[in-house]
Every structure is written in structure tokens, then in C-alpha cells.
Amino acid sequence: MKHQKTCPCLTTELLLFLFLVVQFLSQLVQAEIHYYDFVVREKNYTRLCETKSILVVNDSFPGPEIRVHKGDTVYVNVHNQGDYAFSIHWHGIKQPRNPWSDGPSYITQCPIPPGTNFTYEVLLSIEEGTVWWHAHSDWTRATVHGAIVILPAIGTTFPFPQPDEDEVLIIASWYTGDIKELIDESIQNGTDLPHSDAYTLNGQPGDFCACSNGTAYRRIVDYGKTYLLRIVNGNMNAEHFFAVAEHSLTVVGLDGAYIKPINTAYIVISPGQTMDVLLVANQSLGQYYMAIRQYSSENPSVVNFDHANVTAILEYRGDYTYETSPAFPSTLPMYLDKAAALDFTYQLRSLATPEYPVNVPLDITTRMYITVSMNVLPCDHTGCEVTENIASSLNNVSWVDTKPTTNVLQAYYRNISGAYESNFPDQPPLFYNFTADSIAEDYDYTAQGTKVKVLNYNESVEIVFQGTNVMDGSVNHPMHMHGYSFYVVGYGFGNYDNETDPKGYNLVDPPEVTTFGVPKKGWLAIRFKATNPGVWFWHCHFERHLTWGMDTAFIVKNGGTTETSIRRPPTYMPPCIIPLNSSVHSYGEFIEEKRE
């Protein structure tokens, strides 16, 4: 009898196992392959009373949306019809074993020369929700960017009620001058890098900016429907608050992963981050502003940032009389509202369900403590107008790109010596009160280098990023990791204490992200498992800080099998012909100079 009683249980377990296997295999079979062509060239746009030429994809600003399902593969053939070389990064996509298509110039490839093309193979794995793509060379991403919408795998659905429609909203930066000329001049002179003149929402600065009244982007909605807003912060150098007048928001996703729903009147979103936000159109028929405003974590005495209130319009469909102007969100926090930013950030938690589990590494094998600093370097090149350049660093190493004849991935894979050093430090060279209100000028100086951190396959890694107040320059730093997502297990203020602070770690449902901020005068603790072999870039997603050197790279070694090793490179990669230098505007002129 006992044997007869166990049989049904075994049968049930076996059937359940077979069902899960069949479901997994069916998803593999249903995974689709998509093909896109990106034609990148200059086009005239008029904003803020000025017409200028900008680099765009398929004559569109923002660029085209890629829409796929979880687990799909995308081939994007990028045709460079512009005047200078660039590359494209697939932000938030892990690219398992495929760093060759990750995109950052001089890290995993050399930029695509003008007049040529290169096809990226974009491999989706566990990502689900909204991520994005953008140029990853100089400041080209200011206008070369777009959204990637990753729907649930075929046969599955959202872990929240099905929205009626979705809408992509992309925040971007606008500069009235030629951005590359502005950067050239700043780098040559050793002066500050340019600040934006306005922000845009889906390509328009909105009704409150010069020569822009009546041009705001509009989204028509139907009363009673639920809309999934897919918000991408693609701007260059600022965090933002976002709110919709008289409407509540429910945040359900962050960086291509679902989170526990957050009911809120506003969000705060850093450059590089993406959020999925539900909005129910349940207000009186009318027009309502969707508005963004910069959140500045700088010293309150710093006022030279973009104060523009950027707007788009949520407009109800129907027969009614418009008010003189749309309602503006009263819940949109002001520029320096640190409390509002923290109140929102504290609520971020992973979904942590059987369908969407968390796998936080517990047995840590590699620990790193990395200071994040603003610094200076001697400015001794011809044309420099100051004695010191602004710089930035990680553990007092300010990154410089490899020689223009190679990139880090190529040098690693081909065992080419001299391109980089494998000695990025696990600790800062000096310890002091990193977050003091006043820090001695002796700590202002940094050293340049191309230093990477090498990890063995399958290592469990914990990194604590320690913000510093060197040069009174402490701000939030949105750190982005290529090739991985990571768990934010803790963050706080002041100097990190390795005895007491780990006791407060969230190891149950920490958010799993690809970009997250190191708090001003504070620290951020993250964990991940090194199971994606390759070369992967790490950097602050403020473009100013990246330009100044707040970046490095990880090399994750191969495992012991083919399935745990870097894939073979494609038959063609862009050649390392031309230095990625914004002062080189014309590829043809460069070649002529070399011939002479």
C-alpha cells in the first residue's frame, strides 16, 4: 500500500518537471530573429530658435524603437553616412559571451569609420521590460539613441494587469551649438565641458522653452485605459524628476527587470536608467502636462545647470472645451529636493517571486572598495588656457583609452601586450575622511592609466563604491556596468564601515539593475556573479565624468567549457584606423593628412 501511495506523487512530480522542460524548450523554439537597418547621418533640426545639423539614425530624433520578445536575437546593420567614426552600445542587454557586439569604442571595438557599415548581433537573455541603445563614442549619444522594448516571452505575460497600450518617453539633452566643436574647444583649452541648453521629451523641449510654445510632444489617451509608460533617461549629465499633472503613477520595472510596484506621484531617474510606469487615464477629459525637471545633487551654491521645465502633453480623446493651458503637475519636486529623491529611491525592491527570483551571491570571493572622485591633472599641452585640467577617477586612476591601433577586447583575445595593464587596485591608494566638508588639496591630483580588473569565471563579487568630497565635488554618480546586471544590497551616507554597514544589507529583495547612483557623500554596495566571460566597461553615466576618466573595465576569464567561454569574433570588426577624437571631423581629411 505504501508503494501505491507514493506512485501518484512521483507521477505528479515527473509531470511537473516535464511541463517545465517543455515550456522552456517551447520558449527557445518561439524565440525570434529580427533585422534592423540603422542609417546614421546628419539632418537639420530647429530647436530653441536655432537650426543646426545633428547626427541621427534613420532621420529620426530620438532614433527608431526596437521591439522584441524576451530571448529574441536582433541583428542591426549600422551604416555610417556621417563625417566621423562612432559605435553603438545596447544598454542593459547582457550579451552573453558576446562582448564583440557590446559597443563601447576602444573597449570592445574600434569605431565604425564613415562610409562603412557594421552589423551588431544583439543577444537577449533574461531582460524583460524597457532598455535602450545609444552611441558610445565621444558625446555622440546626445542625438544617437532610442528605446528597446522587450515584451514577455511568447506564451507568458506581465506580472501585473495587462496594460491597454504602451508609450515610450525619452529624455534627452539639447545643445544650441555644435556639440563636437564645443567639446573640442573645452578639451583643447582645459576648460569645463559644455552644459545643455535644454532637455527634450521625445525630441521636443516643450511649451516653456524659447521658440517652442505649441511644439510639445502629445500623447492622445482614452478615458479608463491603462498605459505603460516606458521612460528612458537618455540625457547626458543630469538626474530628473518626472510627474504627470493630477495622475498617479505605479512603477513596475527598472532597467529591464520587474520590481515590486511603487505607487507614487513622481519618479526620479538617472542618466542611463529606464523605468516602466503604469498610468490609468481616470481624470476629467482635458490636457495635462507630463513634466521633467532636473534634480541637482551638487553643492547648492552651484547654479549653472539647466533650469528648464520640459513638458509633453497627455491629452484625453473626446469632445470638450480645452482650458487655456494644460494643468502642470504640482507634485513635481524642485531642483534641490534631496528628500524627495531619497524617498523614492528607498522604495526600489526586486519582485522576488518564484517566477522572477533573486539570486544574490552570498559567499563573496572578491571584494573591492572603490573611491569615486573628482580630480585635476596638469594641463600642459599646447593651447591649454589653465594650469590644471578637470579630471575624475576610480581609486585615483583616471582612465585613458587604448592606443588607436587596438581596443581592450582585441588586445585581450589576441594576447596583444602594451594596450592595458591588469592591475586596477582593489583599494584606494590612500585612506582619509572621504566625505569631510573640507579635504586637503593634496588629494586633488590623480594619475592616468588604462588599468583593468581581471576576474576568474564564476567569482562572487562585492564592490563598495565610496563617494568622496575631493575638491568639494561630491555628487550622485550613476554607475553603469556593461554585460551584467547587479544587486544593490546597500547604500548610505558618510564613510563606509565594513563592520556595521553590511549588517543592514538587503539580501532578500534588492533591486537588480544595470545603473545605480553612488549617493553624494555616501557609498553604494553591489553584488554580482562573474558568469559572463569577456571585457566589460564600467563607468559613471554622466558623460562629463566619463570623459574626464571615471571609468574602467573588467575582464572576466573563460570558464572550463565552450559554453562558459567568449564566443569567437565575427568575421569582420571595424578596423582601428582612425583615433576616436572629436577634433577629427572628416575621415577623408584624416587620410589625406596621413598620405602627405
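Start by selecting glutamate 246, which is exposed at a relative accessible area of 52% (buried means under 20% relative accessible area, exposed over 50%, partly exposed in between, with a 1.4 Å probe and protein chains only). Glutamate 246 sits in the loop between strand S13 (239–244) and strand S14 (249–254); helices (H or I, at least four residues) and strands (E, at least two) are DSSP runs, numbered from the N terminus. Its phi is positive, about 65°, although glutamate 246 is not a glycine.

This is a predicted model, in which local features need pLDDT of at least 70 and side-chain atom pairs count only at pLDDT 80 or more, while totals for chains, interfaces and linings use all residues. Residues are numbered from 1 along each chain as its sequence is written, and side-chain values use heavy atoms, with hydrogens and water left out.

Next, select asparagine 415, in the loop between helix H4 (408–413) and strand S23 (447–449). Asparagine 415 also has a positive phi, near 60°, and is exposed at 69% relative accessibility. Most residues other than glycine have a negative phi, and most peptide bonds are trans.

For a cis peptide bond, go to phenylalanine 61 and proline 62, where omega is about 0°. Proline 62 belongs to the loop between strand S2 (50–57) and strand S3 (66–69).

Now move to the aromatic rings. Rings of Phe, Tyr and Trp (its six-membered ring) pair if their centres lie within 6.5 Å; planes under 30 degrees apart count as stacked, over 60 as edge-to-face and the rest as tilted. The structure holds 35 aromatic pairs. Select tyrosine 484 and tryptophan 536, an edge-to-face pair at 6.5 Å centre to centre with 90° between the planes. Tyrosine 484 lies in the loop between strand S26 (477–481) and strand S27 (486–493) and tryptophan 536 in strand S31 (residues 534–540), so the pair ties together parts 52 residues apart in sequence. Tyrosine 484 is buried, at 6%, and tryptophan 536 is buried, at 0%.

Then show tyrosine 491 and phenylalanine 516, a tilted pair at 5.8 Å centre to centre and 45° between the planes. Tyrosine 491 is in strand S27 and phenylalanine 516 in strand S29 (residues 515–518), 25 residues apart. Tyrosine 491 is partly exposed, at 23%, whereas phenylalanine 516 is buried, at 4%.

Finish with isoleucine 463. Leaving aside its neighbours within four places in sequence, isoleucine 463 is in contact (heavy atoms within 4.5 Å) with residues including Met368, Leu524, Phe528 and Trp538.
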